[in-house]
Amino acid sequence: MVDLESEVPPLPPRYRFRDLLLGDQGWQNDDRVQVEFYMNENTFKERLKLFFIKNQRSSLRIRLFNFSLKLLSCLLYIIRVLLENPSQGNEWSHIFWVNRSLPLWGLQVSVALISLFETILLGYLSYKGNIWEQILRIPFILEIINAVPFIISIFWPSLRNLFVPVFLNCWLAKHALENMINDLHRAIQRTQSAMFNQVLILISTLLCLIFTCICGIQHLERIGKKLNLFDSLYFCIVTFSTVGFGDVTPETWSSKLFVVAMICVALVVLPIQFEQLAYLWMERQKSGGNYSRHRAQTEKHVVLCVSSLKIDLLMDFLNEFYAHPRLQDYYVVILCPTEMDVQVRRVLQIPMWSQRVIYLQGSALKDQDLLRAKMDDAEACFILSSRCEVDRTSSDHQTILRAWAVKDFAPNCPLYVQILKPENKFHIKFADHVVCEEEFKYAMLALNCICPATSTLITLLVHTSRGQEGQQSPEQWQKMYGRCSGNEVYHIVLEESTFFAEYEGKSFTYASFHAHKKFGVCLIGVRREDNKNILLNPGPRYIMNATDTCFYINITKEENSAFKNQDQQKRSNVPRSFYHGPSRLPVHSIIASMGTVAIDLQDTSCRSTSGPTLSLPTEGSKEIRRPSIAPVLEVADTSSIQTCDLLSDQSEDETTPDEEISSNLEYAKGYPPYSPYIGSSPTFCHLLHEKVPFCCLRLDKSCQHNYYEDAKAYGFKNKLIIVAAETAGNGLYNFIVPLRAYYRPKKELNPIVLLLDNPLDDLLRCGVTFAANMVVVDKESTMSAEEDYMADAKTIVNVQTLFRLFSSLSIITELTHPANMRFMQFRAKDCYSLALSKLEKKEREKGSNLAFMFRLPFAAGRVFSISMLDTLLYQSFVKDYMISITRLLLGLDTTPGSGFLCSMKITEDDLWIRTYARLYQKLCSSTGDVPIGIYRTESQKLATSESQISISVEEWEDTKDSKEQSHHRSNHRNSTSSDQSDHPLLRRKSMQWARRLSRKGPKHSGKTAEKITQQRLNLYRRSERQELAELVKNRMKHLGLSTVGYDEMNDHQSTLSYILINPSPDTRLELNDVVYLIRPDPLAYLPNSEPSRKNSICNAVAQDSREETQL
């Protein structure tokens, strides 16, 4: 076997390890070659070129020196003309020869020598192989004409008085000025506007023309009128201005020919300059020019960055931004990459906006455009996403890049960013304020299912209004609704407040109740001085401090309010106390429709209630004294709170032990083990003990685990919530979590069905006939349309179809454009809807920001547009806490100790409370809840005026039928009952129609025809409904579904619903009113040493997913 080691040659010295460490100097000296770079720049010509041309600063100095020489030569020419005595006679020799003094000749010769030498040197340095290109240049020819005669006169003294047209150096000065401006921009690394450069060139061209004409006329008239420079100036101005007085005119043919030549040159040169100036002006109108540095440093401005500017977005921003008094002096700079459209240009030309809004066409990714907008001096930068694009992820990517570019260019500029997809939110966590559209959208849609019209409530709170909408309307509900819509959220420090200063050291619920009772303001939250977290209704255990920041709902902020003391007589008329002693306190708690068990602060034991009603006095108590409400204590009795288990489910107290065990085995309370995207807030909610297989999530298909194929087969105890969406995105997480929050009783948890496509068969299979709510999410694929407002066409028509097929179904719809809300549940012949349309137009003409608020679907919370929440981002510039409060209300964020939004319904057993103030006291004294508004439903009332008419055809016919029947009975008293029983109902109806037609008289013929037409219309409508119902039932039978739950005649067309935010204390409660509550966090009352029964069950079952939560 051959020895391999002996066959391998040894490494050369340069590759040995020792040589690599110590180095081999001999090898390095042998192989290294020294290379010199840029040898071409070491030549004499290249060094001169570097100094005269390439180097910006030295070249700028050369240009400035050349410009000064040309101006000096022109000045010497003027001095020569002024010093020369005009000689008598008309000889042509006066044209070619002049009187030039020796010193003046010496100066002109020196200037000519320097100028000619510089011109030849620059021509040599810029020579590129074509000598004629350098010689035939106009500047070079002018330089030869003005400099060579003076140089020749050095060697030929008789030519010293030869006339040389030195005044033509003004054109060389203009050329040097243009080059000097270019070098100036290169030297200071800043680019002035092209408009400024073009205006400067135009002015210099005009001056050169006038100066040339002055000097030429003056020289040629030496043999004529012998005009001086001033007369020549006067003649030129009069001639170029086309005035032509005629008092000064040229006499010689040479001067006349020169004037003709100069006019021809002006007619050629000036239009070209004006055309370029007009073009640049038009381009500047498109691009918007610049926002000057001086204005940026002396005046305040904000920058709005958008990818495409629509008129709706612009008006929403301007109306909301300038609604605040302290922002009236701010300027708005719009930075948009697209050209301004016609509508936006027309609006920005209005004097109210033209003085405060500046449009710049440019990109936020370019530092030059950010510099034009003076982003580094801006007070804030708003970056909005384009929701009209089909690919919303791509739109988010553009928004992220804009935010990064602005943060890189202006690190200290506050950023207000709007993002569409929640999974992209973590890329812009550095922004000061972020609004994620899908988060807010799905959270509001979810709360709309359990707290009706939550979307309308939030929309009204984040819009700036004075509450003057609808005050001229004859409808009482429109007046109340419009006045209460002016309520907004404000803040003030406790010790500086007149509203809350007296409640220092008192409990939060005590301060909230008495502030509402005394001033009509609703205290909803506080924030400690040393803590950034806002607490909504921290509960009766929270003690108010002097440095706390109070957040309250009111028509206006306290600083803009005036306080008037009432007379003592008026105070004496108010009862001093509503209470009859501690022994008469109520013992039952208030149970909200979605809340957990709460306790009486004055009671020492936990008692369950029998339903979601307020405590009602017994019959015996009514005979003794009037029902009373417990007082709101200044400091809560903490012992009564700690002895109760507030995490216990109300539904468990009412179930049997077997049902309780099965319920506990099915559900547990805890945090979701997985988060769908980065940045989602962890929420304590109801969870299943075991993960459900993916195959079981298909409701319409059976699997090996179950054989159900429709919602009815599952046997759900509660009604369904159906979500019709295009895709199951990450934002759907924010829809599910509020519906599964820990404070909702298990008996009220509604099954959620996600419907990705909504044909009739799928709707019937998913249980639409017994669904509580159906949520229709706006489709992303319809966002982009040829006409902007047509983006909602598919959604509106589909919802209208659902409304016609399932009239009793509660449908909640999201639209892209708020203006399309008028098409929801559209009735072409409904007079009441037409009257509301007229009211909306009147409010829009008055300048209202909430003109659409009186549309019945919006007022009832059946429809909303996410674009209406754009004002939340704009309002955060003045109220930096609005996004946090809104997220807490919607359940997007959960802060320990902060309450949550819920609701309760007023039943007949609760009407004894009578007024909103007594309800406020009852809630604060029993459960610590703080009411913030009322959702009221009432029937539409008939009005006699033409503008407010609403006729229900069914009610009219029923009334007329009853009258006709009574009239028929009175005219036929002698007829027997057997005769009436012989005719069936249809027969009797036919006879009534025959009698009505037979009683047609001449006086009432018009009224009778109108009645017949309306009755025929009613019959037609009923037949159409029956036809639709028959269609649905036949389809259900074909699919093998039961038709028992299908309600075919339940129509809610005769009712209207609206919201009263923070109504006055004397507002009367009505039956079926839904009261919005902010309920304290039940987890805040848990004792630290004694864990609750629910937590123990949750931890025992789900200990693999998450450790025990400690709050």
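Student: In what order do the six strands of the open sheet stand, and is the pairing parallel or antiparallel?
Tutor: The order is β3-β2-β1-β4-β5-β6, and the pairing is parallel. This is a predicted model, where local features need pLDDT of at least 70 and side-chain atom pairs count only at pLDDT 80 or more, while totals for chains, interfaces and linings use all residues. Residues are numbered from 1 along each chain as its sequence is written, and side-chain values use heavy atoms, with hydrogens and water left out.

Student: What makes β3 and β6 edge strands?
Tutor: β3 (357-361) and β6 (433-436) each have a single partner strand, so one side of each has no neighbour in the sheet. From one strand to the next the twist averages 15°. Helices (H or I, at least four residues) and strands (E, at least two) are DSSP runs, numbered from the N terminus.

Student: Why are β4 and β5 called paired?
Tutor: Two strands pair if DSSP finds at least two bridges between them. Strand β4 (residues 380-383) and strand β5 (residues 415-419) have three bridges in the parallel sense, so they qualify as a pair.

Student: Why are α7 and α9 called oblique?
Tutor: Angles under 35 degrees count as roughly parallel, over 145 as roughly antiparallel, 65 to 115 as roughly perpendicular and the rest as oblique. The axes of helix α7 (residues 102-125) and helix α9 (residues 138-155) cross at roughly 130° and come within 8 Å; the two helices are therefore oblique to each other. Axes are lines fitted to C-alpha atoms, for helices over the stretch in contact, and angles run from 0 to 180 degrees between N-to-C directions.

Student: Which residues meet there, and how do they divide by class?
Tutor: Among those of α7 are Trp 105, Val 109 and Leu 116, and among those of α9 are Phe 140, Ile 144 and Phe 150. By class, the contact of α7 with α9 has eleven nonpolar, four polar and one charged residues. Contact means heavy atoms within 4.5 Å. Ala, Val, Leu, Ile, Met, Phe, Trp, Tyr, Cys and Pro count as nonpolar, Asp, Glu, Lys and Arg as charged, and the others, Gly among them, as polar.

Student: What makes α4 and α5 roughly perpendicular?
Tutor: The axes of helix α4 (residues 44-54) and helix α5 (residues 56-83) come within 6 Å and cross at roughly 70°, and the helices are therefore roughly perpendicular. The contact includes Leu 50 and Phe 51 of α4 and Ile 62 of α5.

Student: Why is the pair of Trp 477 and Phe 854 called edge-to-face?
Tutor: Rings of Phe, Tyr and Trp (its six-membered ring) pair if their centres lie within 6.5 Å; planes under 30 degrees apart count as stacked, over 60 as edge-to-face and the rest as tilted. Trp 477 and Phe 854 have 6.5 Å centre to centre and 70° between the planes, so the pair is edge-to-face. Trp 477 is in helix α22 (residues 476-484) and Phe 854 in the loop between α33 (831-845) and α34 (856-859), 377 residues apart.
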